[in-house]
Amino acid sequence: MSTVLDRFGTVADPLVEINGLTVAFDGVKVLHGIDLSVARGEAVGLVGESGCGKSVTWLAALGLLPKKASVSGNVRLGSTELIDAEPDVLDTVRGGRIAMIFQDPASALNPVLRLGKQVGEALALHGGLSGAAIRAEARRLFDLVGIPDAARRLDAFPHELSGGQNQRVMIAMALAGKPDLLVADEPTTALDATIQAQILELLTKIRRETDMALVLISHDLGVISQTCDRVCVMYAGRIIETAEAQSLFDTPLHPYTQGLIAALPPLEGVRRRLDPIEGNVPEPWNLPPGCAFAPRCPRRGEACDAGVPPLAWKAPGRFAACIKALQAEPVRPREPVYA
Amino acid sequence: MSAPLLQTRNVTRCYGMRKGLLGRSVEVRAVDGVSLTVERGRTLGLVGESGSGKSTTGRLALGLEKPDAGDVLFKGAAMPGTDSLAWRQMRARMQMIYQDPLGALDRRLQIVEQVREPFDVHGLGQPKEREALAFALLQSVGLRADQGRRYPHELSGGQRQRAVIARALATKPDLLVCDEPVSALDVSIQAQVINLLVDIQQELGLGLLFISHDLKVIRQVSHRVAVMYLGRIVEEGEADLLLSNPAHPYTEALVSAAPVPGRRTRPRIVLQGDPPNPAARPSGCAFHPRCHAARERCKVESPLLKPMPDGRLAACHVAHDQANFLKAAS
Ligand SMILES: Nc1ncnc2c1ncn2[C@@H]1O[C@H](COP(=O)(O)OP(=O)(O)OP(=O)(O)O)[C@@H](O)[C@H]1O
Ligand SMILES: Nc1ncnc2c1ncn2[C@@H]1O[C@H](COP(=O)(O)OP(=O)(O)OP(=O)(O)O)[C@@H](O)[C@H]1O
Ligand code: SF4
Ligand code: SF4
Ligand SMILES: [Mg+2]
Ligand SMILES: [Mg+2]
């Protein structure tokens, strides 16, 4: 399924709508106004280099940041506003309509609890089930996420399963509340390529079968490309480009997106020298005055320092935050990478 | 013809691994009869799943660990015993670069002091010149003098990895073993470090043993590629041949699972089943529980790593049968 954005960058009838979300830690802004909406059943990818704000966006949206974080903006789930919502409102939303698989390994499974019990707790919390019904449902979830010999594995401890199987258990727990949206933060980064492929296929299958929306956070363009309908590229606390996945990879509009794709070694075709993006990501407390990408941008001009370019409409379904990215015309013709 | 730079011949390394908290210790063959060759000026890429024995192979190649069986030859000569003078002299000719540059650096010392260290340890150059030599090395990896005066935590990940590479080059080694050197870096920075390694190799004629789980990175740097599965090499050959036309079903699955952006040109094979447990090696071909091509024979008979008609090595009954069939047919 693919969702077309209107001229304002929103989907028709969004499931979740984020508007002007900002986050600051100790007075330093790390998110500078995120606008992002997710439609029912849609798979949206969030990609960008370490520290660009991928995790913080969704931790803020779900009220999961530490107290010292100051958050502003709006996050709406249907008619419910989540920013500054009461704790009990957030509790019912989290793990209920919106579930999240966290990047932080410490938040993973409890090593001393049997897996069935951990999944059961999630079910009791959100499914309103009890007793035998919980065990039956836990078994169904284990089957759904492809854990063989589910009945016996419910009595196992996390260390008795492989990394990929534990990740399946995490997904099973996230599915316990029958969420409308699953936010998966780097769900396969710690896994081997062959196991990563299994987990991504599983997420896609579940999404197709349940019409659940998926937000997939990853630093890996390949992972995002293979799993998502639409992609948002983040840089230094902002979304700098968004488009349907295929067109983003075919004709990236923003110089940063172009740079990311050019920096990636190809798996096929002629080998050529890689084209890295020179320099480093700026520190959040030391951002350049205008476009945050300017110090590394091959297209930079004087006007780029005048102000931060807004994420603007360039073509149907395509938005980029670059004053030189003209409508649907790539800034720099892409090299024939796979020639 | 001169001897290859580095050769491992049937090296094997076993570890005791305890099962559970109180369980008996079982023996794990982390590396099981691995033979590899690294030539001067060339890169051998080593790929494989986590726990397949890549890092152990790297440590064996450098003589950081002694093999339980088999031997390692450096320029045709056996590796001297660890901590002997001969070993230390030989060690200066080969260096290792790890995944985590912060762990490899001393956080209390300025970068330039750490790059200077090998000159002091090995008595290279005049003491007065050594700092200048260190700065020159830093410049050759793209670090400015002011960056050389910084401490490790004041540099970005990519800059730190450059510093580690500069230090590794101080003794003018002939061989670099790189264990996941760019895995912790973001793509844009990863490309800078890969280009740097390729440039240095061309300039200095270094032999590289390059370990990575990322096939895209492996392809970018390698002339030859070896694929490991549960401690053994299952396929080895020329990089483009192996990756564009894999013979072993595991290599095929790895290539098809590699996440690449944009359209894919080959169908995707998603392996069923779990990664293998090294403490309970499957009978016959260790890959058979996950292999789509497995036959009855694969469960009982372990395939040997042997040459295919196109020159590569593969350890798979079916791949060899097919190759023989095609040869007979033509
Ligand atoms: N609890 C916190 N306290 C202070 N700063 C924080 C905290 N959490 C995140 N940050 C900062 O916010 C910025 C965005 O972080 P975030 O974790 O969202 O990055 P990310 O895009 O998820 O990166 P990665 O790919 O490394 O996970 C970074 O500069 C980070 O240092
Ligand atoms: N010092 C050690 N003691 C006991 N077992 C070890 C030791 N080092 C490695 N092993 C075991 O040997 C096997 C191979 O490990 P190795 O680190 O070489 O794998 P690898 O291919 O480098 O994996 P990764 O991709 O995760 O780095 C694993 O089963 C590992 O648990
Ligand atoms: S606005 Fe200017 S500096 Fe920023 S990405 Fe576009 S061309 Fe580059
Ligand atoms: S020997 Fe058999 S099981 Fe092993 S890889 Fe070949 S076909 Fe598969
Ligand atoms: Mg994150
Ligand atoms: Mg390793």
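The shell around ligand 3 comprises eight nonpolar, one polar and two charged residues, where Ala, Val, Leu, Ile, Met, Phe, Trp, Tyr, Cys and Pro count as nonpolar, Asp, Glu, Lys and Arg as charged, and the others, Gly among them, as polar. Its members are A:H254, A:P255, A:C291, A:A294, A:C297, A:R299, A:C304, A:P309, A:C322, A:I323 and A:K324, a residue being placed around a ligand if one of its heavy atoms lies within 4 Å of it. The model is predicted, so that local features need pLDDT of at least 70 and side-chain atom pairs count only at pLDDT 80 or more, while totals for chains, interfaces and linings use all residues. Residues are numbered from 1 along each chain as its sequence is written, chains are lettered from A and ligands numbered from 1 in the order in which they are written, and side-chain values use heavy atoms, with hydrogens and water left out.

Ligand 4 is surrounded by 13 residues, the closest being B:C285, B:C291, B:C298, B:C316 and B:H317. Ten residues of this shell are nonpolar and three are polar, with no charged residues. Around ligand 2 lie B:Y15, B:A30, B:E49, B:S50, B:G51, B:S52, B:G53, B:K54, B:S55, B:T56, B:R59 and B:P278. Oxygen atoms of ligand 2 are found 2.6 Å from an N or O atom in the side chain of B:S50, 2.8 Å from an N or O atom in the side chain of B:K54 and 3.0 Å from a polar backbone atom of B:G53.

The contact between the chains (heavy atoms within 4.5 Å) takes 43 residues from chain B and 42 residues from chain A. The area buried between chain B and chain A is about 3800 Å², of which carbon and sulfur atoms give 50%; buried area is the accessible area (1.4 Å probe) that two parts lose on being put together, summed over both. Two salt bridges (a side-chain nitrogen of Lys or Arg within 4 Å of a carboxyl oxygen of Asp or Glu) are counted between chain B and chain A. B:D240 forms a salt bridge with A:R271, with the closest N and O atoms 2.8 Å apart. On chain B, helices α8 (187-204), α9 (215-221), α10 (239-244) and α11 (249-257) each supply at least two residues of the side that touches chain A, helices being DSSP runs (H or I, at least four residues) numbered from the N terminus. The most is given by α8(B), with nine residues. By class, the side of chain B that touches chain A has 18 nonpolar, 13 polar and twelve charged residues.

A:T194 lies in helix α7 (residues 193-210) of chain A and counts as buried at 1% relative accessibility, the term denoting under 20% relative accessible area (1.4 Å probe, protein chains only). Apart from neighbours within four places in sequence, A:T194 is in contact with B:E49, B:Y250, B:L254, B:A257, B:L271 and B:R290.

Helix α10 (residues 255-263) of chain A is largely enclosed by the rest of the structure, because nine of its nine residues are buried. The buried residues of α10(A) pack against α8 (221-227), β9 (230-235), β10 (238-244) and α9 (245-250) of chain A together with α8 of chain B, strands being DSSP runs (E, at least two residues).

Key
Buried < 20%, exposed > 50% of the residue type's maximum accessible area, 1.4 Å probe, protein only. Polar contact = N/O pair within 3.5 Å; in protein donor to acceptor, adjacent residues only side chain to side chain.
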